[in-house]
Amino acid sequence: MTKTEDIQPAISAAPLHMIDIIRKKRDGGTLEPREIAFVAAGASDGSIPADQLAAWLMAAWLNGLSLDETRALTLAMRDSGEMFSPAGLGKRTVDKHSSGGVGDKTSFLVAPLAAACGVAVPMISGRALGHTGGTLDKLEAIPGYRTALSLEEFESVIAKCGASIIGQTDQLAPADRKLYALRDRTGTVENPGLICASILSKKLAAGLNGLVLDVKTGSGAFLREMEDTEFLAALMVVTSETAGTRTVALLTDMGQPLGRAAGNWIELAECVELLRGQRLAWSEDLRELSLILAGWMIHLGGKAESPDKGYLLAEAALEDGSALAVFMKMVDAQSGDISVFDDPAAFHKPGATQVVEAWESGFVAEMDTTALGWAVQRTGAGREKAGEPVDPHAGILFHARRGAHVERGEPFATLYATAPELLAEPIAILKQAIRFSNTAPNPVPLVGCVFTREAAEKYLKAASGS
Ligand code: URA
C-alpha cells in the first residue's frame, strides 16, 4: 500500500493539506514541525474543520507522538495566541501545576509563600471536572473574587501583590481550547504527547522562568500506572526545559485526600488556618507538601541556592505571617471580600450537615481517593458537566486518615451537602471507599521521585531503549 509519506513532496515549502497530514499520522509516519504547526494554527483560527482535527487526534492517540513531534506541538500551541510577557515585573516568574486530585489545595499556600519570598507567581488554574476539584471554583467561594482578568489586570495584580490566580483566558494558547474540547468528546485525552502539549502550551504562553509540576500517583490520580505517570512527568520536564523554562516534576501521593477538607470553602478555610500559623490535625501532609513545592518554586525563582533552603524560607514566611498578608492582598486586589476570613466557620452555611461515624474499629488501611472525589462531587461541591454551577459550601471534612486507628462510633467524616436528599449517595460511596484492617498499613512517602532535567533525560533515554 502506498503511504502518504511516499507521495508527499519532499519540498519543505510545498503547500500543506490536512488530509495528507491525517493520512501520514494514520500510517505511523513522523510529522515535520511545519505540519504540526499547520494543525495547531488551523485549530485556533478555525480553518481546519472539527472532523479533520478529530481524525488527526485519533491517529496521534493511536500511533503516539515522538519527542520531537510533542515538542513541535507544544510550541505551535503556545504560539497560537498571545504570550504573557512578565518582563515588566522585574522578577523571575514561577508557577506550580498539579495533575489534579482530591483536597488538592496547595495553590492557596504555594502562591503566597513563593511570592512572600520574592518570586512572582502568575498562576493560571482550572475548574472542577470529574472526581477532582478545581482551584477556580474554590476561589469563587469568596464573595466577589474575580477569576477572569485581562492580561493587563493580571500583570498589575502580580506587580502589587506578588501573585495572582486566575482562569484560562481566550488570549492564551487558543489552539488548546479547541483541541482539548475535541479530545474530551472523542476519547483522545489519555495520551502523553497530547497531555504534555496541552498543559505546557498554556504554561509556556504565560512566559514562565520556572515551573514546578506536581504529578499525582496513587488511587486518586488520573493515570493509575506508575510507569505512565513517570513517563509523562519526564516528558513534560524535558519538553518544558528545551523550550527555555526551568522545570522540575515531583511525583506525590494521592492515595488519600490531601489535608482534611475536600470541597470549596472548607478547603480555603483550611489553608487560611495554616497561613495563620496553626497546626491542624490531619493537615500536616498539606502543610509539608506545600512547603516542599514552594521550596522548589523559590529555588527555581533564584531566591534560594537549593530547594531545601527554599523550604526553610517558605516555612519562615508561613510562620511570620508574610504569606498570609500576600494571600489577603491578592484576594482584595481581585475584588474578593476578605472579611469572610474573620470567622471562616460563621461564613460556612451548608444546606445539610451529617457526621458519619466509623462503622468498624481498626486501622484505616486504604482509601479509594477517586471514589472519595466522586462522593465530594455528589454533595454538590463538583459538577458533572462543564458549565454547571457548584455549591461553595458542600464537601467532606475527614476526621481520620490512612494509618489512623479508629474505634467504631467515633466521628469519621462530616458531610456538607446542598440539600438533605444529597447526603445518602456520598455516604454510601464513602463507606465503599474505605478499607479497615487489624494491622497498620505501610507508610507511603508524600513525595516519591523527583525529575530534574538530567533525571528526566536519563529516564526518557532508557524508556526509548537508546
Ligand atoms: N490538563 C490539561 O490542561 N490538559 C490535558 O490534556 C490534561 C490535563
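Predicted model: local features only at pLDDT ≥ 70, side-chain atom pairs only at ≥ 80, totals over all residues.

Residues are numbered from 1 along each chain as its sequence is written, and side-chain values use heavy atoms, with hydrogens and water left out.

The ligand is surrounded by Tyr180, Arg183, Ile195, Ser198, Ile199 and Lys202, where a residue is near a molecule if one of its heavy atoms lies within 4 Å of it. Two helices, helix 9 (174–186) and helix 10 (192–205), each supply at least two residues of this shell; helices here are DSSP runs of H or I with at least four residues, strands are runs of E with at least two, and both are numbered from the N terminus. Helix 10 gives the most, with 4 residues. By class, the shell has 3 nonpolar, 1 polar and 2 charged residues, with Ala, Val, Leu, Ile, Met, Phe, Trp, Tyr, Cys and Pro counted as nonpolar, Asp, Glu, Lys and Arg as charged, and the others, Gly among them, as polar.

For Ser198, an N or O atom of the side chain is 2.7 Å from a nitrogen atom of the ligand. A polar side-chain atom of Arg183 lies 2.9 Å from a ligand oxygen atom. Of the 240 Å² of accessible area that the ligand has on its own, the protein covers 76%, as given by the Shrake-Rupley method with a 1.4 Å probe.

On a 1 Å grid over the protein atoms alone, a cavity is a set of points where a 1.4 Å probe fits but cannot get out, whereas a pocket is an open set with protein on both sides within 12 Å along at least five of seven lines; lining residues have an atom within 4 Å of a point. Grid points are joined across faces, edges and corners, and a volume is the space filled by probe spheres set on the points.

The second largest pocket has a volume of about 230 Å³. Its lining comprises 16 residues, of which Leu67, Phe231, Leu235, Leu460 and Ser464 are the closest to its centre. Helix 10, which also contributes to the ligand shell, supplies at least two residues of this lining, as do helix 5 (67–78), helix 11 (226–242) and helix 19 (453–464). The largest share, 5 residues, comes from helix 19.

Val102, in the loop between strand 1 (94–98) and helix 6 (107–116), counts as buried because its relative accessibility is 3%, buried meaning under 20%, exposed over 50% and partly exposed in between (1.4 Å probe, protein chains only). Trp282 has a positive phi of about 70° although it is not a glycine, and Trp282 is partly exposed at 33%. Ser335 likewise has a positive phi of about 70° without being a glycine, and at 39% relative accessibility Ser335 counts as partly exposed.

Terms used: Polar contact = N/O pair within 3.5 Å; in protein donor to acceptor, adjacent residues only side chain to side chain.
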